[in-house]
Amino acid sequence: ISSAGNVYQVLLDSTDNSLVEAWKATDPTSSFSEQDSADKPNLTNNISAMSLFQVGDILHIATQEYATRRVAYHTFSMATDQWVTVNQEAATPNSSDYGIVSIAVRSDGDVIILYQSLVGIWRSVRYARKDSGVWTSNIQVDNGGSIDWDAGVAVLGSNDRIHFFFQDRTNNDGCQRCLRSDNTLESFPSAFDISIYTAGVAFGQGVAYLSGGATKVRVPYLDASIKFSIVKFDS
């Protein structure tokens, strides 16, 4: 929802999954219309994953493509109804069998994108960071080893911390690792759940909110018995 009270959706084109579209409604119970269709992102490959983070009237969008697993960054202004940044390359990871991407934006404007990559025959979880207009990519989040790691979600916590949630599909573990505001990763933690769903992506979109002076983080996920669970803590 924009500062003017309009409602927006960012969607893939209904017939061409390489196109990203921004749709607007002044009354979402009536109809939506596409905005700035002439400048919308047109990627080389179909998109396998997309994530969005709103800062004021700017929508920050990350995409990951199928064939190349290329990660791109885009922005759309709800104040002008125009695409601002289109198809800016954030990372080109080694190909994986599917894509997972999640984006968060810090108070200083740094953009963090969590994504899926491949190291040898093993899946890996990596992130890219845009700082002062420059992308640094392929930063390892997982603990390596002969393990299939799957990316999940990135959640902005307190003091510009970014909480990464991901899964160890080899050992059925759910993990959370914090990227501090100085861009150092905390030591690799123990799993918060040692029996997590591993037949697909386990995590839903997370949230952070203020309560009693503390920033609370909540992320839904599926456990091994395919029941909804929530991981929760103070950032």
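Two strands count as paired if DSSP finds at least two bridges between them. The legends below describe close-up views of a predicted model.

**View 1. Strands β9 and β10 pair in the antiparallel sense.** Strand β9 covers residues 111-119 and strand β10 covers residues 122-131. Nine bridges join the two strands. Val-111 stands opposite Lys-130 of β10.

**View 2. An open sheet is built from four strands.** The order of the strands is β8-β9-β10-β11, and the pairing is antiparallel. The edges are formed by β8 (101-105) and β11 (134-140), each of which pairs on one side only. On average, neighbouring strands of this sheet are turned by 25° against each other, direction ignored.

**View 3. Arg-106 and Asp-110 form a salt bridge.** Their side chains meet with an N to O distance of 3.8 Å. Both residues are buried: Arg-106 and Asp-110. A search of the whole structure finds 10 salt bridges.

**View 4. Asp-150 forms a salt bridge with Arg-123.** The closest N and O atoms of Asp-150 and Arg-123 are 3.9 Å apart. This pair links distant parts of the chain, with Asp-150 in strand β12 (residues 149-156) and Arg-123 in strand β10, 27 residues apart. Asp-150 has a relative accessible area of 0% and is therefore buried, the cut-off being under 20%. The relative accessible area of Arg-123 is 13%, so Arg-123 is buried by the cut-off of under 20% as well.

**View 5. Asp-150 also meets Arg-169 in a salt bridge.** The side chains of Asp-150 and Arg-169 come within a salt-bridge distance of 3.0 Å, N to O. Salt bridges that share partners join Arg-123, Asp-148, Asp-150 and Arg-169 into one network.

**View 6. Strands β16 and β17 form a hairpin.** Strand β16 (residues 214-222) and strand β17 (residues 228-234) pair in the antiparallel sense, and the pairing runs over seven bridges. Leu-222 stands opposite Phe-228 in β17. Five residues lie between the two strands. In the turn, Ile-226 has a positive phi of about 60°.

Terms used. Residues are numbered from 1 along each chain as its sequence is written. This is a predicted model: local features need pLDDT of at least 70, side-chain atom pairs count only at pLDDT 80 or more; totals for chains, interfaces and linings use all residues. Side-chain values use heavy atoms; hydrogens and water are left out. Axes are lines fitted to C-alpha atoms, for helices over the stretch in contact, and angles run from 0 to 180 degrees between N-to-C directions. A salt bridge is a side-chain nitrogen of Lys or Arg within 4 Å of a carboxyl oxygen of Asp or Glu. Buried means under 20% relative accessible area, exposed over 50%, partly exposed in between (1.4 Å probe, protein chains only).
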